[in-house]
Amino acid sequence: MIRLLVADDHPVVRDGLVGMFAADPDVEVVGEAADGAEAVRLAMTLRPDVVLMDLRMPGTDGVTAITDLAAAGSTARVLVLTTYDTDSYVLPAIAAGATGYLLKDAPRDDLLRAVRAAANHESVLSPAVAARLMNRVRTPAPALLTPREHEVLTWVAAGATNREVAARLLISEATVKTHLLNIYAKLGTNDRTSAVATALTRGLLPPPPPD
């Protein structure tokens, strides 16, 4: 019997998942969590074999929860189930210790097989995620941003103007513009919006908070 914990902030999604797994004689849903912090707390108490983890949740997100579970010594295998397959979600989740990564449009049978595989300490990736990781490995790594360039881009992503960035970092607007030109060159972009979008896709910036 596989002991499963379901973590998702949408009650309808949780109910659907719980109902689906309740019909499987090999799976017992031992708990439900509405956010990452609750998932960690329940996982440490209930000791599930597998945690089915959403990523974008209010409060503690899925990646933070995966990191916290690993730090706490949890033996549960974490299987991510989300709607997002960009590098800014996939790479941090896998780096944090996720056993597998599936999208919410996965067929029921694929999801059941993935839970069984995770319980057996096997890695499971959706085809889209596997293709993205393969492409990531085969694509030459982009030039790394310097710490200052990363600071500038982080403030730009937050909506700050060049003047505001300069004031916050105690540098001149001309220096901010120079940093932005370097950032554009390294990311292969031509403007602020595309630079931020590219940085998010490549995991150079943290994903935006949940809606």
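Strands S4 and S5 run parallel and are joined by 4 bridges, where strands count as paired if DSSP finds at least two bridges between them. Helices (H or I, at least four residues) and strands (E, at least two) are DSSP runs, numbered from the N terminus. This is a predicted model, in which local features need pLDDT of at least 70 and side-chain atom pairs count only at pLDDT 80 or more, while totals for chains, interfaces and linings use all residues. Residues are numbered from 1 along each chain as its sequence is written, and side-chain values use heavy atoms, with hydrogens and water left out.

**The sheet**

- The 6 strands form an open sheet with parallel pairing, in the order S2-S1-S3-S4-S5-S6.
- Because S2 and S6 stand at the edges with a single partner strand each, one side of each is left without a neighbour in the sheet.
- S3 pairs with S4 in the parallel sense over 4 bridges, and Leu52 stands opposite Leu79 in S4.
- Further along, Leu81 stands opposite Leu102 in S5.
- S5 is also joined to strand S6 (residues 124-125) by 2 bridges, again in a parallel run, with Gly100 opposite Val124 in S6.
- In strand S5 (residues 100-103), Gly100 and Leu102 point one way and Tyr101 and Leu103 the other way, and all are buried, that is, under 20% relative accessible area, whereas exposed means over 50% and partly exposed lies in between (1.4 Å probe, protein chains only).

**Crossovers and a helix across the sheet**

- S4, helix H4 (residues 87-96) and S5 make a right-handed β-α-β unit, a crossover being right-handed if, with the strands pointing away from the viewer, the path from the first strand over the helix to the second runs clockwise.
- Helix H2 (residues 36-46) lies across S1, S2 and S3 and runs at about 140° to S2; axes are lines fitted to C-alpha atoms, for helices over the stretch in contact, and angles run from 0 to 180 degrees between N-to-C directions.

**Helix H1**

- H1 (residues 11-22) has 12 residues and reaches 16 Å from its first C-alpha to its last, close to the 16 Å expected at 1.5 Å a residue, the expected span being 1.5 Å times one less than the number of residues.
- Its buried residues are Arg14, Leu17, Val18, Met20 and Phe21; seen down the axis of H1, they fall within an arc of 160° and so line one face of the helix, the arc being that of the directions from the helix axis to the C-beta atoms.
- The buried residues of H1 pack against strands S1 (2-7), S2 (27-33), S3 (50-53) and S4 (77-82) and against helix H5 (108-119), where contact means heavy atoms within 4.5 Å.
- The face of H1 turned away from its buried side carries the exposed residues Val12, Asp15 and Ala22.

- In helix H8 (residues 162-169), the buried residues are Asn162, Val165, Ala166 and Leu169; they fall within an arc of 100° seen down the axis of H8, so they line one face of the helix.
- These buried residues of H8 pack against helices H7 (147-157), H9 (173-187) and H10 (192-201), while Arg163, Ala167 and Arg168 are exposed on the other side of H8.
- Leu170, whose phi is positive, near 60°, follows H8.
- His179 has its place in helix H9 and counts as buried because its relative accessibility is 15%.
- Leaving aside neighbours within four places in sequence, His179 is in contact with Arg148, Glu149, Val152 and Ile171.
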